[in-house]
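Visitor: Please take me closely through the charged side-chain contacts of this model, and then through the parts of the fold that surround them.

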Amino acid sequence: MPRARRRPAGQDMKGPEGKRSKTKNLGGASAQVESSSLQRTPASEDGGEALGSYWLMKSEPESRLEKGVDVKFSIEDLQAQPRQTTCWDGVRNYQARNFLRAMRLDEEAFFYHSNCRAPGIAGLVKIVKEAYPDHTQFEKNNPHYDSSSKEDNPKWSMVDVQFVRMMKRFIPLAELRAHHQAHKASGGPLKNMALFTHQRLSVQRLTREEFDFILSLEEKEPS
């Protein structure tokens, strides 16, 4: 595919936020290269708590070169794409890939800015194309090229996402962490949030309870 626009892609970096990066290319995203053999995750796997079809997807809003390619891709970059739509490519973690494969049309995800000075949730996107082979795995000059992946049996997948809206206010990581810590003691909705229990995952599943609670934070002044 032609590289007409920047897209998110890359590897998750070490750090407290569990970052995910992106790369220039036909609009896409990033993920991490930590090993996991998880297959498609059932919709009810999280300590018995029912999981909804909601997601959190990480991307880097600040410039960073990876093998000579700037992997920057912010929610503003997504807004600037044709039809405000891009492919979420570059995922190189098996669990994150399986989450991509589990996504269905019109499911919603939080667009999370990671690996930056001010990490947090910036807006909402929706899935507009279900999983298909990630072209970057076959591009030798791409940071996410995988020589072990074959075109007749591709290892890596991507989805297409479309901008829905900005959050009414940016929800910073520090605020989410404070709620997570409080909810671990009180049994609140963010007690098991993957952003803190599986920090390095660039694509994460959310429960309906987690999703709704985070949306409710838009209406509140940060404490």
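Guide: In this predicted model, the side chains of Lys72 and Asp77 meet in a salt bridge, with 2.7 Å from N to O. Lys72 counts as buried because its relative accessibility, 17%, is under the 20% limit. Asp77 is buried as well, with a relative accessible area of 18%.

A second salt bridge joins Glu130 and Arg104, whose closest N and O atoms are 4.0 Å apart. Glu130 belongs to strand β6, while Arg104 sits in the loop between α2 (94–102) and β5, so this pair ties together parts that are 26 residues apart in sequence. Glu130 is partly exposed, with a relative accessible area of 31%. Arg104 also counts as partly exposed, at 32% relative accessibility.

Arg165 counts as partly exposed, at 27% relative accessibility, whereas Glu218 counts as buried, at 8%. Over the whole structure, the search finds 11 salt bridges.

Arg165 leads on to the sheet. In β7, Arg165 is the bridge partner of Leu124. Strand β6 (residues 120–133) and strand β7 (residues 157–172) pair in the antiparallel sense, over 10 bridges. Strands of a sheet pair through backbone hydrogen bonds, in either a parallel or an antiparallel way.

Beyond these two strands, the open sheet has six strands in the order β4-β7-β6-β5-β1-β8, and its pairing is mixed. At the edges stand β4 (85–88) and β8 (203–206); each has a single partner strand, so one side of each is left without a neighbour in the sheet. From one strand to the next, the twist averages 35°.

Helix α3 (residues 173–186) lies across β5 (108–113), β6 and β7, and runs at about 85° to β7. Helix α5 (residues 208–217) packs on the sheet and touches β1 (54–59), β5, β6, β7 and β8. The direction of α5 makes about 40° with that of β7.

Ala174 is a residue of helix α3. At 53% relative accessibility, Ala174 counts as exposed. Ala174 and Ala118 are 56 residues apart in sequence, and their C-alpha atoms are 9.2 Å apart in space.

Helix α2 is mostly covered, with seven of its nine residues buried. The buried residues of α2 are Gln95, Ala96, Arg97, Asn98, Phe99, Leu100 and Ala102. What covers these buried residues includes β1, β4, β6, β7 and β8.

Tyr54, Phe110 and Phe211 form one aromatic cluster. A charged side chain also meets a ring: Lys129 lies over the face of Tyr132, at 4.0 Å from the ring centre.

Two loop residues deserve a note on backbone geometry. Gln84 has a positive phi of about 50° although it is not a glycine. Gln84 is placed in the loop between α1 (75–79) and β4, and is partly exposed, with a relative accessible area of 29%. Asn115, likewise not a glycine, has a positive phi of about 50°. Asn115 is found in the loop between β5 and β6.

Technical notes: Residues are numbered from 1 along each chain as its sequence is written. This is a predicted model: local features need pLDDT of at least 70, side-chain atom pairs count only at pLDDT 80 or more; totals for chains, interfaces and linings use all residues. Side-chain values use heavy atoms; hydrogens and water are left out. Two strands pair if DSSP finds at least two bridges between them. Helices (H or I, at least four residues) and strands (E, at least two) are DSSP runs, numbered from the N terminus. Axes are lines fitted to C-alpha atoms, for helices over the stretch in contact, and angles run from 0 to 180 degrees between N-to-C directions. Contact means heavy atoms within 4.5 Å. Buried means under 20% relative accessible area, exposed over 50%, partly exposed in between (1.4 Å probe, protein chains only). Rings of Phe, Tyr and Trp (its six-membered ring) pair if their centres lie within 6.5 Å; planes under 30 degrees apart count as stacked, over 60 as edge-to-face and the rest as tilted. A charge sits over a ring if NZ of Lys or CZ of Arg is within 6 Å of the ring centre and within 35 degrees of the ring normal.
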